[in-house]
Amino acid sequence: MVKAEAVQKNFGRLEVLRGIDLEVKPRDVMCMIGPSGSGKSTFLRCINHLEKIDAGRLSVDGELVGYRQRGDRIYELRDAEVCKKRAEIGMVFQHFNLFPHLTALENLVEAPIRVKKESRAVASERARRLLDRVGLAEKVDAYPRQLSGGQQQRVAIARALAMQPKLMLFDEPTSALDPELVGEVLDVMRALAEDGPFSRRCSRAPTLPSPASGGGKSGASGP
Amino acid sequence: MADAVGVRPAAIKAVPVRHPGRWVAAIVVLAIAVYVLYTIGAAIGNDRTVLGPHTGWLVVQRFLFNGLIFRGILVTLELTVLAMAVGIILGAILAVMRLSANPVMSWVSWLYIWFFRGTPVLVQIFFWFNINLVVKSIDIGIPFTSLWLHGDTNKLIPPFMAALLGLGLNEAAYMAEIVRAGIISVEHGQTEAAQALGMDRVLVMRRIVLPQAMRVIIRDLRRSRIADRREHLVRGDDVDPDGRPVLHRATLRPRLHPAATAHTVAAIPADALYLPCTATPGGGAGRAGRARQRTPLR
């Protein structure tokens, strides 16, 4: 599903990722732990090309991330192609990043309708099912500010799932939550891992710390 | 929590905190208000100053409800609305261009904003009015065919059009900065979340960033543009045709310059228009506007 070979990433002169090798197979659940600032988020963001890698090879489902190889040459993908790839990968952020001007339901149907050109009826139907699944059936019309942190993060997970991704990335999904709210989010994630919503292939990598930093304290959580 | 079932504590009866500062402030404000009103009242009673012949109040009274003034108000309103429309549309395009990844677009937008903000709007209006000096006619058509439209610039750009172009294009430059500030104010996480869902640049901007930016844009619009217009009004004619300043100290000359009287005539309806504009709270900020309501600092 995800294959990294000697992946490197620098921010200016700062080496963030120093040769990451890793493989995630379909249905695998993988967690990365490490101190803050060790590059966990950066690596996750490289997987859906929110960051560009500087060296090495990174591929999802056998295809390079952000590039296309033809013979010996590597071509940069056009914006539209990058977007298409991203649409197949769900991402959940530390700070939820729900769209505050849209209701929970609208947050879920926006991308399926605009990006995948689904009909509103189909998208809404799935969105309602997903909200029900994360235990927020009655919050369909609530705006993000009317929800608690844990509820917001569950909506964010449902929003990512609404695109029917083949891979889910969780970037410290519980570290911005009050301790008593962590449980509800972890429960949802655990349920996803056990009976993957879209059967076969749902691999997820909750909170990845960089192996380069050699582990360290557990800054992360995962089921 | 669960203990003490059925026992309800008595409601608290406390002496409220006193706020002497509020009383002091009220007394000071009241004293100043009484003093100001008394001074003005005394001056009116004393006929020689405020309402006397020197200030031209009779002239003001005569022309305040003159048809010319009303036509002026109409033209002003028309110009304001149209210039605003031109400004908002062009300004939004310029702001998006300025933040575009395309360096040519960004640079062109920067140049436009720099030029139109840097030159006085009055000069720009004069330029459009006298465009005929530079460009005699405008011809649009398809090369090597006979499909051509021809227009004399003096006919294409009557005075109203010149004012609209001058104000609108100038407004667009200011608007672009306001829209840009609004766009930048939207948290970057919003863009990232939208990108992670596979949205392209245009979708992210149109569906996610701009709707949220509107709250800040509308707030800044109300704050700056309305205030700016008032300034233009005063600044626009603060020198008379002979180059003498219009606003004098009353003691310097036996009577105010006639232009100052004209200015008063214009200022009264203008204030009647502006004051309600700046006083209406909140409205129109849209869905996002309801998101955050300010509470007073305690």
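Predicted model: local features only at pLDDT ≥ 70, side-chain atom pairs only at ≥ 80, totals over all residues.
## Extent of the interface

The size of an interface is often given as the accessible area lost when the parts come together. Between chain B and chain A about 2100 Å² is buried, and carbon and sulfur atoms give 56% of that area. Chain A brings 25 residues to the contact, while chain B brings 22 residues.

## Polar and charged pairing

Three salt bridges are counted between chain B and chain A; in one of these, the side chain of Arg45(A) meets that of Glu192(B), with a distance of 2.6 Å from N to O. Six residue pairs, with both residues at pLDDT 80 or more, are found in polar contact across the interface of chain B and chain A.

On the side of chain B that touches chain A, the elements giving two or more residues are helix H8 (188–196) and helix H9 (201–236) of chain B. By class, this side of chain B consists of nine nonpolar, eight charged and five polar residues.

In soluble globular proteins, nonpolar side chains tend to be buried together. The largest nonpolar core in this model has 47 residues, and the residues with the most contacts inside it include Val2(A), Leu22(A), Phe43(A) and Leu167(A). H9(B) supplies the largest share of this core, namely seven residues.

When its neighbours within four places in sequence are left aside, Leu22(A) is in contact with Val2(A), Lys3(A), Ala4(A), Met30(A), Met32(A) and Phe43(A).

Definitions and conventions:
Residues numbered from 1 in each chain as written. Chains lettered and ligands numbered in written order. Heavy atoms only, no water. Contact = heavy atoms within 4.5 Å. Buried area = accessible area lost by both parts, 1.4 Å probe. Salt bridge = Lys/Arg side-chain N within 4 Å of Asp/Glu carboxyl O. Polar contact = N/O pair within 3.5 Å; in protein donor to acceptor, adjacent residues only side chain to side chain. Helix = DSSP H or I, 4+ residues; strand = E, 2+ residues; numbered from the N terminus. Nonpolar A, V, L, I, M, F, W, Y, C, P; charged D, E, K, R; others polar. Core = buried A, V, L, I, M, F, W, Y, C linked by side-chain atoms within 4.5 Å. Buried < 20%, exposed > 50% of the residue type's maximum accessible area, 1.4 Å probe, protein only.
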